[in-house]
Amino acid sequence: MASVLLNRFGVLFLCIFPACCDTGELLLEQCTPSSESQGTGCGCQGLKRDGAVDISDENNLKHHDGANVYSEKANETPHAPEHDVRSKLVHLQGGWFMMGTDDPGIPQDGEGPQRRVWVDPFYIEEHEVTNQQFQHFTNQTGYITEAERFGDSFVFEGLLNEKVKSTLSHAVAAAPWWSPVKGADWRHPEGPDSTTKHRMNHPVLHVSWADTQSYCRWAERRLPTEAEWEFACRGGLQDRLYPWGNNLMPRGQHYANLWQGDFPTRNTAEDGYANTSPVMSFPANGFGLYDMVGNAWEWTADWWNIHHNTEEKKNPKGPESGIDRVKKGGSYMCHKSYCYRYRCAARSQNTPDSSASNLGFRCVSDPDP
Ligand SMILES: [Ca+2]
Ligand SMILES: [Ca+2]
């Protein structure tokens, strides 16, 4: 059973078959049907937007990076963040660790080979950025997310009510549990009629990579590199699958918000949650970090690349350019049969402008010089 915890807000807390399918404004690509039989697809890595976007040239985020647009504006009218609303930071000593794995659960994701990597000391937020924190950010800055500008975002169909389902013209062909929903955004995670009012301490969702840049910049922080994120995930343990070890359920307890049952039709929610959970609902890892796997996927700073070697690296930052950004940790939608990505070495990718109902983030900070 999930732990009941008191969080910092004083609140009691009680992926998919790749295919090519034009969905109108949103496009699923990465067609490798052979992976279906390997049970590796959660589908969310293929969610991306098409070029046809109905936003003004002035605000066209296809041509102007949203973070830079926000940054320029912020420089004109500085907004000091309310520091008390930001997540507590955990100091990590850094050092050498073994990144990746030689026993990849999903080899085509580039989980291997295992290699020796150094990360400098850094601070990381103890939990995913919440709706409440993101609301403070938007209230202070007037920031509008990319999903709000585009007018839609991907939602797991199992969470949609019948009214919203009846309006859908497209599902993603080989991953029918993903639907582009008009009016879905971080304030309305399951479409226009939904709200986060009762989920303010849940991870914020439907945020693009540029949105995370803007939030972290406002918070005077930044996104973690993949190496930093994985170092943090491992919690000081070496060569383990999960942040807490190799046993998914130590002593029969759930240690992360994942999917139990048969994906995508039956979610028994034995861990207590069929959707996201309040942050910090499950035990922290050895570094005191919560939900490093499960709950919401987390964006990292790195461009996606599946080719690695065993060469030692210090503070790797990934490729200098790319098409997709790396995300880590899996989500409440992950089940071993379809998306065995709730492991520290696991990884997946999305185009930077994509957003979905299972993708969030957390920020890191460098030590004072
Ligand atoms: Ca769950
Ligand atoms: Ca997470």
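Me: I am new here. How many bridges join strand β9 to β19, and do the two run parallel or antiparallel?
Reply: Welcome! Strands of a sheet pair through backbone hydrogen bonds, either parallel or antiparallel. In this predicted model, β9 (residues 122-125) and β19 are joined by 2 bridges and run antiparallel. Look for Ile-124, which stands opposite Val-364 in β19.

Me: Which strands make up the open sheet, and in what order?
Reply: The open sheet has 3 strands in the order β6-β9-β19, with antiparallel pairing. β6 (89-92) and β19 (364-365) stand at the edges with a single partner strand each, so one side of each has no neighbour in the sheet. Helix α6 (residues 226-234) packs on this sheet, touching β6, β9 and β19, and its direction makes about 70° with that of β9.

Me: How do helices α2 and α5 pack, and at what angle?
Reply: Two packed helices are described by the angle between their axes and the distance between the axes. Here α2 (residues 131-141) meets α5 (residues 209-218) at about 80°, with the axes 11 Å apart. That makes α2 roughly perpendicular to α5. Residues in the contact include Phe-134 and Phe-137 of α2 and Trp-218 of α5. By class, the contact has 4 nonpolar, 5 polar and no charged residues.

Me: Which residues are the protein donors of the calcium ion (ligand 1)?
Reply: They are Asn-257, Leu-258, Asp-271 and Tyr-273, with donor atoms 2.2 to 2.5 Å from the ion. In sequence, the donor residues are spaced N-L-x12-D-x1-Y.

Me: Why does Asn-257 count as buried?
Reply: Asn-257 counts as buried because its relative accessibility is 0%. Leu-258, at 5%, counts as buried too.

How values were computed. Residues numbered from 1 in each chain as written. Chains lettered and ligands numbered in written order. Predicted model: local features only at pLDDT ≥ 70, side-chain atom pairs only at ≥ 80, totals over all residues. Heavy atoms only, no water. Donors = N, O, S within 2.8 Å, 3.2 Å for Na, K, Ca; no water. Buried < 20%, exposed > 50% of the residue type's maximum accessible area, 1.4 Å probe, protein only. Axes fitted to C-alpha atoms, helices over the stretch in contact; angles between N-to-C directions. Helix = DSSP H or I, 4+ residues; strand = E, 2+ residues; numbered from the N terminus. Parallel < 35°, antiparallel > 145°, perpendicular 65-115°, else oblique. Contact = heavy atoms within 4.5 Å. Nonpolar A, V, L, I, M, F, W, Y, C, P; charged D, E, K, R; others polar. Pairing = 2+ DSSP bridges.
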